[in-house]
Amino acid sequence: MSVVRAAAVMLLGAAGAAMVAAGPVMAAQGRKARAEIQGELRGQAISFPGKGLPTELATHEGKPVLTGPQARAFAQVIGNNVLMATGGRTYGEISAELHAAGGDDEKLEGLRQTAFTGQMLRASLLNAYQAWQLTTLVIGLGALLTITGAALLATSTTLALAT
């Protein structure tokens, strides 16, 4: 076997072995993170209302929020509720109105607090959704690394035996 071929066999084998070792670790870490997200969501005891959801969310009626996609859907519910409560105005718009009114309007102060609280809850749920999406990516990359590593190991073995 030539020196170049031997080096290629060794590099392919080493890279493959590293990928086969790292892939399952990545996938396990992704599953662990996903379980942590589910535990946090479960601990919040959030459930969709039993009725009155928009048509596109009707399948969630009465169900608890336990997954990233469910957290995203519930964030949409909160966003819609905040817009209804504030007459379609955002926290920034209400704050501007309050400042223009001299800062002493109780109704605007209450609306600003409602908008702030709703948007913070919504942001927290969207963060859970984004974290869920990252776990999906990590689990998928772990699987891809494992498969690619196995292919590199097989190639390395085939090249080593072909001489």
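Helix α4 (residues 106-161) of this predicted model holds both E109 and R112, which sit three residues apart, about one turn of the helix. These two residues form a salt bridge, with 3.0 Å between the closest N and O atoms. E109 has a relative accessible area of 32% and is partly exposed.

The search of the whole structure finds two salt bridges. The other joins the side chains of R89 and E97 at 2.7 Å, N to O. R89 is partly exposed, at 25% relative accessibility, and E97 is also partly exposed, at 30%.

Two aromatic pairs are present in the structure. A pair of aromatic rings is described by the distance of the centres and the angle of the planes.

| Pair | Distance of centres | Angle of planes | Class |
|---|---|---|---|
| F48 and F74 | 5.2 Å | 75 degrees | edge-to-face |
| Y91 and F116 | 5.7 Å | 55 degrees | tilted |

The F48 and F74 pair is edge-to-face because its planes stand at 75 degrees, over the cut-off of 60. This pair links distant parts of the chain, 26 residues apart: F48 is in the loop between α1 (3-44) and α2 (68-85), and F74 is in helix α2. Both F48 and F74 are buried.

The Y91 and F116 pair links helix α3 (residues 91-100), which holds Y91, to helix α4, which holds F116; the two residues are 25 residues apart. Y91 is partly exposed at 34% relative accessibility, and F116 is partly exposed with a relative accessible area of 39%.

A charge also sits over a ring: R34 lies over the face of W132, 4.1 Å from the ring centre.

Terms used: Residues numbered from 1 in each chain as written. Predicted model: local features only at pLDDT ≥ 70, side-chain atom pairs only at ≥ 80, totals over all residues. Heavy atoms only, no water. Salt bridge = Lys/Arg side-chain N within 4 Å of Asp/Glu carboxyl O. Buried < 20%, exposed > 50% of the residue type's maximum accessible area, 1.4 Å probe, protein only. Helix = DSSP H or I, 4+ residues; strand = E, 2+ residues; numbered from the N terminus. Phe/Tyr/Trp six-rings, centres within 6.5 Å; stacked < 30°, edge-to-face > 60°. Lys NZ or Arg CZ within 6 Å of the ring centre and 35° of its normal.
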